[in-house]
Amino acid sequence: MYTSSELIDLAETLAAPTYQPLPIVISRAKGVWVEDPDGRRYMDMLSGYSALNQGHRHPRIIRALKEQSGKVTLTSRAFHSEALSLFLQKASRYTGKSMVLPMNTGAEAVETALKAARRWGYRVKGIPENKAEIIVCEGNFHGRTLGVISFSSVAEYQEGFGPLLPGFRMIPYGDLQALEKAITPHTAAILLEPIQGEAGIRIPPEGYLRGVRDLCSNHRVLFLADEIQTGFGRTGQRFACDWENVIPDVYILGKALGGGVLPISAVAADPEILSLFQPGSHGSTFGGNPLACAVASAALDVTEDENLSLRSRNQGKYLLKRLSQLNNPAIKEIRGRGLFLGIELDRPARPYCEALLQEGLLCKDTHETVIRLAPPLIITRKELQWAAERLENVLG
């Protein structure tokens with residue numbers, strides 16, 4: 001049996017250095033708790049970057065996984081499957097959109113939405129061929145594929161990977177005037193996160209999402225909402241767009257759709273957009289596989305039946321109130337919605353995350369100076385109090 005130190009050495013020797021994890025090995029997990037090989041318990045305050053809204057190994061989701069794995073796991077889209085059809089029905093009802101295209105990862109879903117928007121621009125809006133533009137925002141994070149990093153505002157994400165994909169126009173996040181000015185007859189869509197997670201839990205000004213919706217409608221531009229991190233109750237609503245009663249043209253979904261068990265993502269929209277795909281124009285061998293679909297259906301059931309949106313809203317209010325009482329000169333701002341919170345410091349956040357690790361709390365820095373807090377939405381008040389006490393020990 002390997003020790004934690006030996007396992008970390010193996011990973012750091014053999015894995016491509018694309019991540020800088022905290023020095024902990026997780027060998028078991030249940031609910032909001034994880035355990036290392038030595039039996040020490042930690043509370044998970046990251047949730048796999050919001051992929052574990054339903055908690056680790058939720059019994060209903062694990063049951064669905066086991067039952068489906070005993071039937072059929074992969075058919076490819078060359079054939080129909082019961083699990084795919086039932087998942088499409090649930091996802092359509094949950095999003096209110098009448099078509100759903102399942103994929104595997106969040107970045108794949110973003111790429112799918114971009115393809116859909118360009119095709120809509122040419123075939124419906126009448127943009128001249130190869131002239132379609134998509135507006136994106138500074139500070140965006142939509143994944144790490146080549147197409148997606150082409151419109152990142154972080155030079156580090158692009159360095160050494162050129163030539164990049166053209167056809168994107170960058171504007172400041174939260175600036176409606178900049179958006180209106182950037183729209184041209186060639187604009188097919190705007191792609192944005194309703195709350196920028198990776199950028200440090202950046203919440204746009206009140207009314208911004210409504211303004212984006214209105215500008216898109218007035219100028220015949222598609223509104224693509226990347227709800228990969230913010231969806232499924234994370235911010236205290238079904239989707240973060242719901243805070244302003246805004247319905248985008250396209251929902252881009254992932255992470256918690258897989259219930260913390262399997263990767264599955266999806267694009268949800270109406271037929272005017274998604275029916276522009278035809279056989280051969282897009283697809284994935286594993287996209288919509290029966291195993292992931294059965295898991296996703298169970299994850300959606302848990303999200304609704306356990307009212308995770310309301311839990312997130314109430315628990316998030318409590319945690320934000322506790323955090324607002326922290327008195328540390330290093331803290332610049334504490335912000336968030338639901339259980340999607342950030343503590344912005346005036347210095348690197350990594351040492352604080354390492355100190356929290358010693359307290360038994362797993363947090364991760366983002367954008368260098370922000371501690372991101374996103375526990376599973378099933379967290380109880382007692383567990384949240386325990387977490388708040390550890391945060392106060394390190395930051396109070």
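Biologist: What amount of space lies in the largest cavity?

Modeller: In this predicted model, about 40 Å³ of space lies in the largest cavity. A search of the whole structure for cavities of 30 Å³ or more finds one.

Biologist: What makes this space a cavity, and which residues line the largest cavity?

Modeller: The term cavity is used because a 1.4 Å probe fits at its points but cannot get out. The lining of the largest cavity consists of Asn140, Phe141, His142, Gly143, Val148, Ile149, Ser152 and Tyr157. By class, four of these residues are nonpolar and four are polar, with no charged residues.

Biologist: Which residues lie closest to the centre of the largest pocket, and what makes it a pocket?

Modeller: A pocket is an open set of points, whereas a cavity is one from which the probe cannot get out. The largest pocket holds about 1500 Å³ of space. It is lined by 44 residues, of which Tyr19, Phe141, Arg144, Tyr157 and Glu198 are the closest to its centre. Helix 2, helix 5 (106-125), helix 7 and strand 14 (364-366) each supply at least two lining residues, and the largest share, three residues, comes from strand 14. Sorted by class, the lining of the largest pocket has 17 nonpolar, 15 polar and twelve charged residues.

Biologist: How do you know that the charged end of Arg144 sits over the ring of Tyr157?

Modeller: The charged end of Arg144 is 5.2 Å from the centre of the Tyr157 ring, and the rule asks for CZ of an arginine within 6 Å of the ring centre and within 35 degrees of the ring normal. Arg337 likewise lies over the face of Trp243, at 5.2 Å from the ring centre.

Biologist: Why is the pair of Phe151 and Phe168 called tilted?

Modeller: By the ring rule the count comes to eight aromatic pairs. One of them joins Phe151 and Phe168, with 4.5 Å from centre to centre and 45° between the planes. Phe151 lies in the loop between helix 6 (146-149) and helix 7 and Phe168 lies in strand 6, so the pair ties together parts 17 residues apart in sequence. With 2% relative accessibility, Phe151 is under the 20% limit and therefore counts as buried.

Biologist: What makes the pair of Tyr173 and Tyr208 edge-to-face?

Modeller: The centres of these two rings are 5.7 Å apart and their planes stand at 70°, which is over the 60 degrees required, so Tyr173 and Tyr208 are an edge-to-face pair. Tyr173 is in the loop between strand 6 and helix 8 (176-182) and Tyr208 is in helix 9 (residues 208-219), so this pair ties together parts 35 residues apart in sequence. Tyr173, at 10% relative accessibility, counts as buried, and Tyr208, at 1%, counts as buried too. Ring pairs also link Tyr94, Phe232, Phe239 and Tyr251 into a cluster.

Biologist: Is Ser50 buried or exposed, and what is the phi of this residue?

Modeller: Ser50 has a relative accessible area of 1%, which is under 20%, so Ser50 counts as buried. Its phi is positive, about 75°, although Ser50 is not a glycine; the residue belongs to helix 2 (residues 47-50). Most residues other than glycine have a negative phi.

Biologist: How do you know that the peptide bond between Gly162 and Pro163 is cis?

Modeller: Omega is about 0° for the bond that joins Gly162 and Pro163, and this bond is cis. Pro163 lies in the loop between helix 7 (155-158) and strand 6 (168-171). Most peptide bonds are trans.

Biologist: What makes strand 1 and strand 13 edge strands?

Modeller: The open sheet has four strands in the order 1-2-3-13, with mixed pairing. Strand 1 (28-30) and strand 13 (361-362) are its edge strands, and each pairs on one side only. Strand 2 (residues 33-35) and strand 3 (residues 41-44) are antiparallel over three bridges, and they count as paired because the rule asks for at least two bridges. Glu35 stands opposite Arg41 in strand 3.

Conventions
Residues are numbered from 1 along each chain as its sequence is written. This is a predicted model: local features need pLDDT of at least 70, side-chain atom pairs count only at pLDDT 80 or more; totals for chains, interfaces and linings use all residues. Side-chain values use heavy atoms; hydrogens and water are left out. On a 1 Å grid over the protein atoms alone, a cavity is a set of points where a 1.4 Å probe fits but cannot get out, and a pocket is an open set with protein on both sides within 12 Å along at least five of seven lines; lining residues have an atom within 4 Å of a point. Grid points are joined across faces, edges and corners, and a volume is the space filled by probe spheres set on the points. Ala, Val, Leu, Ile, Met, Phe, Trp, Tyr, Cys and Pro count as nonpolar, Asp, Glu, Lys and Arg as charged, and the others, Gly among them, as polar. Buried means under 20% relative accessible area, exposed over 50%, partly exposed in between (1.4 Å probe, protein chains only). Rings of Phe, Tyr and Trp (its six-membered ring) pair if their centres lie within 6.5 Å; planes under 30 degrees apart count as stacked, over 60 as edge-to-face and the rest as tilted.
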